[in-house]
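Dear colleague,

Please find the structure below, with a summary of the findings after it.

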Amino acid sequence: MSEPIRDHYEAYPYPSRDPGEEKSRLVTGSPSHLSEVNHYLFDGARDFSKPFRALVAGGGTGDATVMLAQQLADAGPAGEVVYLDLSHAAAEVAQARVQARGLSNVSFHRAGIAELPGLGLVPFDYIDCCGVLHHLPDPTEGLRILAGSLAPGGGMGLMLYGRFGRRGVYEMHSMLRRLSGMKPPAARLDLARRLLDALPRTNWLKRNPFLGDHKRGDAELADLLLHPLDRPFQVSDIAELTADAGLEIVSFIEAIRYEPSSYIKDPRLLKAMGSLSVLERAAFSEELAGNIKTHVFYVTNAPATTEAQPDGPDVIPCLKSYDGKELARACGRNLLLKVEFDGLPLGFALPRLTPLILERIDNATPLGQIHDQLRALDPGLDWEDFLAQFQDLHRVLRGLNQLLLRRPHTKS
């Protein structure tokens, strides 16, 4: 299947990107934001100014490659990114984006994952593989190859399509295969657009409010509806896939979407779920919510826990994309954080000290100093009480992938 997949991305490099926009914005996301990589895979203790090798397996038009390369360049000269992809057209866009930023820490290789062992590039501290494994004839073998390319204690950020949030996509695949056969790409795309326009309102894709990228451009529409090989994964499939590769799941992103109590408040139902494992709860939540269209998650080959924990005064809390003072105001006096996931509004109660803690999170001040500042306002606030409140706050914001942790000698 490598030839049809390569031909697909030669015709429609994905996602659509304009290298000229690198002057005005850096596309960031999950996985592979360095603050996430540090938090989930290296106990918050990785110093990215030291040698660090990352592979982007299936680099496409360069989102993860540019994000990693820019952040590593900002941290120091020792970071390296290796880009791997089958498509010349996609690689040209990615190279132009790297050049627009003046980055010199990326090497480009036109190959598939199956060819990786013979390229002499391994090992890697970190591997990004997003939107790739579900396009392989044998995803298990693909992940085993990547796992074998990791250095000891290394990890990966992965993305796989979900089943329930993509309701209607695979029925469209079936219909379009019947209509388009071996027609050239432009003709197949025309038929896909015509079929989209003709869908009755009862069609599952028509009724699916969670998918909208295909309305942006040709590459996005082709990737959704015309890909030659595409299969969805459920949490149970992911658990089996990662175990077969000798990897441990660290966390799904956002973890709070994979927790039943985010959706259910009935105490009897919650009690009935008490015996479920973390992965069983995640599988339950996926079926319950019905709107997860992609699974983003971190995995590791390390023998011990790799995620940073709020376990001491030297830990530095870091807000990924929020300003602490603005977030404190957003929580309001009722201490309720409201969020929305693909059309589903959710609310999360926060502890009493939330505003005072958030106002003091500047991605540089450790917990011990924040505690000292709050104890100046309330001399009776001991460390244990403060830490318990911070852990409650962290549980919610970490679940939203927004409050991450690092150790003091690392860079944000």
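**Findings**

A54 has V81 as its bridge partner in β2. The model is predicted, so local features need pLDDT of at least 70 and side-chain atom pairs count only at pLDDT 80 or more, while totals for chains, interfaces and linings use all residues. Residues are numbered from 1 along each chain as its sequence is written, and side-chain values use heavy atoms, with hydrogens and water left out.

Strand β1 (residues 52-57) runs parallel to β2 (residues 79-85), and 6 bridges join the two. Strands are DSSP runs of E with at least two residues, helices are runs of H or I with at least four, and both are numbered from the N terminus; two strands pair if DSSP finds at least two bridges between them. Strand β4 (residues 124-130) is also parallel to β1, joined by 3 bridges, and there D128 stands opposite V56. Of the 6 residues of β1, 5 are buried (under 20% relative accessible area; exposed is over 50%, partly exposed in between; 1.4 Å probe, protein chains only).

In helix α1 (residues 2-11), the buried residues are I5, H8 and Y9. They lie on the same side of α1, because they cover an arc of only 90° around the axis, taken from the directions from the helix axis to the C-beta atoms.

Some backbone geometry also deserves mention. The peptide bond from Y14 to P15 is cis, with omega near -10°, and P15 lies in the loop between α1 and α2 (34-41). S32, in the loop between α1 and α2, has a positive phi near 90° and counts as buried at 0% relative accessibility.

Yours sincerely
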